[in-house]
Amino acid sequence: MKLIMTPTSPFARKVRIVLAEKRIEYEQVIDSPWEADSHVPDYNPLGMVPVLVLDDNHTLFDSRVIAEYLDTVSPVSQLIPKDSRQRLSVRRWEALADGVSDAAAAIYIEKKRPESQQSPAWILRQEQKVFRGLEAMAEELGEKNWCTGEFFNLSDIATGCAMGYLDLRFPEIEWRKAHPVLARLADKLSQRPSFKETLPPSA
Ligand SMILES: N[C@@H](CCC(=O)N[C@@H](CS)C(=O)NCC(=O)O)C(=O)O
């Protein structure tokens, strides 16, 4: 199978970490949806990465659907619990962490527009999502070992990718100082080969 991706996308990184944790072989295809000659819309009508192209050319998007599929393909390190209550808790965390990545990406894109076309009100709205999201994640993590309790799973991966994306695009946001429990989680995640191998190139 092939993963259509960019090396800086936090959503593609989430999928790459899932692939690494589950030891699934795949081919990376780098294709930025922002380039005029991008083929991403041929694979995903929404024109977004990541897209997983299966061996029979069936395409899967978005990252949450891909992660769910991959977790069913191999029994190695289960990342989404089978129990429905625990599963909901993991998916909720993933939605929260992905929401932080979404808002951060929206700010980054808005700030790339000419200054006269940028909307400060829009940027502020997205910043509030980032700060409230970080606060909620820190509060829910508390002193727990991992996001949802004793076991590493998809919620930790999504959270690690959101924090990594903030470091990449907004190093001036001092989330580690504001939320030491998140810093502790980020340090632990950064030791895993799957996180090391997928570090985004510096901006
Ligand atoms: N909900 C999607 C979000 C994917 C996403 O926002 N991808 C960005 C790159 S980080 C993208 O392809 N943006 C292109 C666009 O918005 O047109 C997922 O989880 O895969």
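On a 1 Å grid over the protein atoms alone, a cavity is a set of points where a 1.4 Å probe fits but cannot get out, while a pocket is an open set with protein on both sides within 12 Å along at least five of seven lines. Lining residues have an atom within 4 Å of a point. Grid points are joined across faces, edges and corners, and a volume is the space filled by probe spheres set on the points. This is a predicted model, in which local features need pLDDT of at least 70 and side-chain atom pairs count only at pLDDT 80 or more, while totals for chains, interfaces and linings use all residues. Residues are numbered from 1 along each chain as its sequence is written, and side-chain values use heavy atoms, with hydrogens and water left out.

How many cavities of 30 Å³ or more are there? The count is one, and the volume of the largest cavity is about 30 Å³. Its lining consists of P7, T8, S9, P10, R13, C161, G164, Y165 and P200. Helices (H or I, at least four residues) and strands (E, at least two) are DSSP runs, numbered from the N terminus. α1 and α6 are the elements that give two or more residues to the lining of this cavity, and α6 has the largest share, with three residues. At least three lining residues come from each of domain 1 (2–73) and domain 2 (84–192); the domain bounds come from an automatic or database domain assignment.

The largest pocket holds about 830 Å³ of space. It is lined by 28 residues, and F11, W34, M48, V49 and A105 are the closest to its centre. Two or more lining residues come from each of α1 (10–21), α3 (63–73), α4 (84–112) and α6 (154–169), and α4 gives the most, seven residues. The lining has 14 nonpolar, seven polar and seven charged residues. Here Ala, Val, Leu, Ile, Met, Phe, Trp, Tyr, Cys and Pro count as nonpolar, Asp, Glu, Lys and Arg as charged, and the others, Gly among them, as polar.

The second largest pocket has a volume of about 270 Å³. Of its 16 lining residues, R13, G164, D167, R176 and L199 lie nearest its centre. α6 supplies the largest share of this lining, five residues.

Next comes the packing of side chains. A nonpolar core is a set of buried Ala, Val, Leu, Ile, Met, Phe, Trp, Tyr and Cys residues joined through side-chain atoms within 4.5 Å. Buried means under 20% relative accessible area, exposed over 50%, and partly exposed in between (1.4 Å probe, protein chains only). The largest nonpolar core has 51 residues, and L70, V130, L154, I157, L166, W175 and L182 touch the most other members. α6 supplies the largest share of this core, nine residues. Both domain 1 (2–73) and domain 2 (84–192) contribute at least three residues to this core.

The cysteines come last. A disulfide is a pair of cysteine sulfur atoms within 2.5 Å, and the whole structure has zero disulfides.
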